[in-house]
Amino acid sequence: MSPKNVVFKKVCKDKSVTVYMGKRDFVDRVDSMDPVDGVIAVDPEALQGRKVFVTLSCVFRYGRDDMDVMGIAFRRELYLSTRQVYPPLQDKEKSVHTKTQAKLLRKLGDEAYPFFFELPDNLPCSVAMQPSATDVGKQCAVEFEIKAFSADRQDAKVKKRSAVRLMIRKVQFAPESQGPAPCVETTREFVMSEKPLYVKASLDKQVYYHGETIKVHVQVTNNSSKNIKNIILSVDQVANVVLYSNDSYSKSVDIEESGDSVSAGATLQKTYSLLPLLANNRERRGIALDGKLKHEDTNLASSSIVKEGVLKEVLGIMVSYRVMVKLIVGGEVGLEVPFKLMHPKPDAAVGLSTMCVCSELEEELVFQEFKRSYLKGMIGDDDEEEGNVSGGDDMAPKEK
């Protein structure tokens, strides 16, 4: 039996345009980036002479789309690129197709046309701040979207019934090379103590993968006259909103109160285990996630990587991680050990079901169709129009 390959399918309300994509997660490998590709199927009768365009956009949203304070809308388009798909501007038989596109074109027939985008190197990865159960509207996020629509011309007003949107994600994979294993030490002197307290905390490596246990090696030499009553360890996620504001969210995504004590003059060497998972933080507002697709699960946001020459501001939301080691000794003695939390490279990935869903196409395609609200009997705003689409040139954030 041939293996089944999932293809995502979404059709616009007037049935004139249908989008097919072999995957919705596109990988940034630091030195290279997956192209965004798919196929558009058209119905010439439903189009009634209109053209078909497809856009790829990257948007930073700080609040609701209609939020406006002192003339500033809290929504910024970081990137927008538009292609005309139908009528085709070049012979599709002569163009180069990915394996996904080639299979879809053979299956869908003559009224199917490929599209292809190459993302610039300086765009952020998908990040979304987890809302609370009482929050309404769209969350603070960096989002990527494919939109296909039919119109008389590219900059014309677009009716919602003639457009189809499909959210995608740009995800960060770990770089080829890792830096040195993090190690932090400190010495604390106390009044009325002749000798200090020495604490050292270290990790096995700099980069950890989602779902991987973090081993924290703690060494305490307590030459002071103070007694250490407890040792508390945590993994903190720090999310900085660097566009429009300087908001910073620091959340402990895993914590262990060991209950270990170290009396005056004693020593301790021990390895602790921490495991940061979204599963244990689903109800907490302000946790940064690796984007969020309605029909798929996600995970804690990966660590942000700032590439050379890229302004931090265009990243929208920057995410970092640290292990906190706190010693309770009449007050607190603390250490911060930074590390990176990321996706493994594809050959090392285990259980990442959403990654590279359609990497090798064989014989059988399975279409996962997204149901629109009107199919469920809900009232739609058929005749509403959307804003103008870019005049054609790719728009991207400026570099230094």
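Student: Is Arg169 buried or exposed, and at what relative accessibility?

Tutor: The structure is a predicted model, in which local features need pLDDT of at least 70 and side-chain atom pairs count only at pLDDT 80 or more, while totals for chains, interfaces and linings use all residues. Residues are numbered from 1 along each chain as its sequence is written, and side-chain values use heavy atoms, with hydrogens and water left out. Buried means under 20% relative accessible area, exposed over 50%, and partly exposed in between, with a 1.4 Å probe and protein chains only. Arg169 therefore counts as buried, at a relative accessibility of 3%.

Student: Which residue forms a salt bridge with Arg169?

Tutor: A salt bridge is a side-chain nitrogen of Lys or Arg within 4 Å of a carboxyl oxygen of Asp or Glu. The closest N and O atoms of this pair are 2.8 Å apart. Its partner lies in strand S3 (residues 25-28), whereas Arg169 lies in strand S13 (residues 163-172), 144 residues apart; strands (E, at least two residues) and helices (H or I, at least four) are DSSP runs numbered from the N terminus.

Student: Which residue of strand S3 is linked to Lys170?

Tutor: Lys170 belongs to strand S13, and its partner in S3 is 142 residues apart from it. The two residues are both buried. They form a salt bridge with closest N and O atoms 2.9 Å apart, and the partner is Asp28.

Student: How many salt bridges does the structure hold?

Tutor: Another of them joins the side chains of Arg50 and Asp14, at 3.5 Å from N to O. This pair links distant parts of the chain, as Arg50 is in the loop between H1 and S5 and Asp14 in the loop between S1 and S2, 36 residues apart. Both residues are buried. Lys23, Arg29 and Asp34 are also linked in a network of salt bridges, and the structure's count is 12.

Student: What is the phi of Gln48?

Tutor: Gln48 is in the loop between helix H1 (44-47) and strand S5 (51-61). Gln48 is exposed, with a relative accessible area of 65%. Its phi is positive in a residue other than glycine, near 55°.

Student: Which strands stand at the edges of the open sheet of five strands?

Tutor: The order of this sheet is S16-S23-S22-S18-S19, with mixed pairing; two strands pair if DSSP finds at least two bridges between them. Each edge strand has a single partner strand, so one side of each is left without a neighbour in the sheet. The edge strands are S16 (207-209) and S19 (248-257).

Student: Which residue in S19 stands opposite Val235?

Tutor: Strands of a sheet pair through backbone hydrogen bonds, either parallel or antiparallel. Strand S18 (residues 230-241) and S19 pair in the antiparallel sense over nine bridges. In S19, the residue opposite Val235 is Asp254.
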